[in-house]
Amino acid sequence: MKNSGNSRRDFLLNTGKAGIALGLGLSAAEVAMANANMHTKTLNIPFDQQPLPYAYNALEPSIDAMTMEIHYTKHAATYSKNLKDAAQAEGVAANTSLQQLLAGISKYSPKMRNNAGGHFNHELFWKNMRPHTDGNKPSGKLLSDIEASFGSFDAFKTQFSDAGKNRFGSGWSWLIIGPDKKLKIGSTPNQDNPLMDISELKGYPLLGLDVWEHAYYLKYQNRRPEYIDNWWTLVNWDFVQQQYSSQ
Ligand code: MN3
C-alpha cells in the first residue's frame with residue numbers, strides 16, 4: 001500500500017517518462033503499458049551490463065564455471081554493447097528506460113529487438129539464480145499462488161520445463177504476471193520477451209530460463225532436458241518473491 005505522497009511522486013515520475021516516450025513516437029497505449037510496468041515494478045535495468053552477483057563457479061554443479069564465464073563475458077556483454085550502439089544509431093533518448101524501449105520495440109530495427117531483449121533477459125537471468133539449494137522451492141504467497149494457478153509446485157515445474165524443452169531452436173521459458181495479474185507460463189523465441197509489444201506472450205517476467213545452446217552446451221551438449229532439470233536447484237526464489245510482491 002502506497003501513501004498519497006508516494007503516489008503523487010510516482011504519478012509525476014510516470015508523467016515525465018510518458019512525455020519522453022511520446023517524444024519517441026510511441027502510441028498512447030504503449031506509453032500506458034510502459035508506465036503500468038514502471039509504476040508497479042521495482043526492476044530498473046540500465047543499458048550497461050551489471051556485475052554478476054556471484055562468482056563464475058558459484059552455480060556448479062548445475063552450471064559449470066566455463067559456461068558462466070563465456071555466457072557473461074562474451075554473449076551477454078555483446079548484447080549490452082550492441083544495444084548501446086543501436087540506441088545511439090537509432091536516436092533513443094538517454095533517459096529512456098529499457099522497459100519503455102521493449103514496450104515499443106516494433107518501432108526499431110531487428111538489431112535493437114535482439115539486443116534490447118538479449119540484454120534484459122540476461123540481466124534478469126543472472127538475478128534469477130543463486131548457488132545450489134537442495135529441495136529448492138518458493139514459500140508464502142508466491143508458493144500458494146503457484147499451487148492455485150498450476151495445481152501444484154511440481155505441476156508448475158513440469159509445465160515451465162516443458163515450455164523450455166519444447167522451444168524449437170533458441171529461446172526462453174518464462175513465468176510471468178499477465179495483464180490480468182494472473183501467473184502464466186510461456187515461451188518466446190530468440191531474445192524476445194513478454195515485455196515486447198511484438199510478443200504473443202505478454203506480461204511481466206518474474207522468472208526466465210535461457211534455453212539457448214550457449215547456456216548449457218559445454219556441460220550438457222544436446223541434453224537440454226537435463227540442464228533444465230538441474231537448473232531448478234539454482235532458482236533464487238527470494239528474488240522472484242520480491243518481484244512478485246512489488247505488484
Ligand atoms: Mn544466453
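This is a predicted model: local features need pLDDT of at least 70, side-chain atom pairs count only at pLDDT 80 or more; totals for chains, interfaces and linings use all residues.
Biologist: What pattern does the protein chain follow along the sequence?

Modeller: The protein chain has ten helices and three strands. Read along the sequence, these elements give the pattern α-α-α-α-α-α-α-β-β-β-α-α-α.

Biologist: Among contacts between residues at least 6 apart in sequence, what percentage join residues at least 24 apart?

Modeller: The protein chain holds 247 residues, of which 50% are buried. For contacts linking residues at least 6 apart in sequence, the part that joins residues at least 24 apart is 70%.

Biologist: Which residues are the protein donors of the manganese ion?

Modeller: The donor atoms lie 2.0 to 2.1 Å from the manganese ion. In sequence, the donor residues are spaced H-x50-H-x87-D-x3-H. The protein donors are His-71 (NE2), His-122 (NE2), Asp-210 (OD) and His-214 (NE2).

Biologist: Is Leu-218 buried or exposed?

Modeller: Leu-218 is found in helix H8, which spans residues 217–220. Its relative accessible area is 53%, and the cut-off for an exposed residue is over 50%. Leu-218 is therefore exposed.

Biologist: Which residues form a nonpolar patch on the surface with Leu-218?

Modeller: Residues in such a patch need over 30% relative accessible area, and Leu-218 has 53%. Together, the members of the patch have about 280 Å² of accessible area.

Terms used: Residues are numbered from 1 along each chain as its sequence is written. Side-chain values use heavy atoms; hydrogens and water are left out. Donors are N, O and S atoms within 2.8 Å of the metal (3.2 Å for Na, K and Ca); water is not among the atoms, so sites may look incomplete. Patches are made of residues with over 30% relative accessible area and no salt bridge: like charges are joined within 9 Å, nonpolar side chains (Val, Leu, Ile, Met, Phe, Trp, Tyr) within 5 Å. Accessible areas come from the Shrake-Rupley method with a 1.4 Å probe; for residues, only the protein chains shown count as cover. A salt bridge is a side-chain nitrogen of Lys or Arg within 4 Å of a carboxyl oxygen of Asp or Glu. Helices (H or I, at least four residues) and strands (E, at least two) are DSSP runs, numbered from the N terminus. Buried means under 20% relative accessible area, exposed over 50%, partly exposed in between (1.4 Å probe, protein chains only). Contact means heavy atoms within 4.5 Å.
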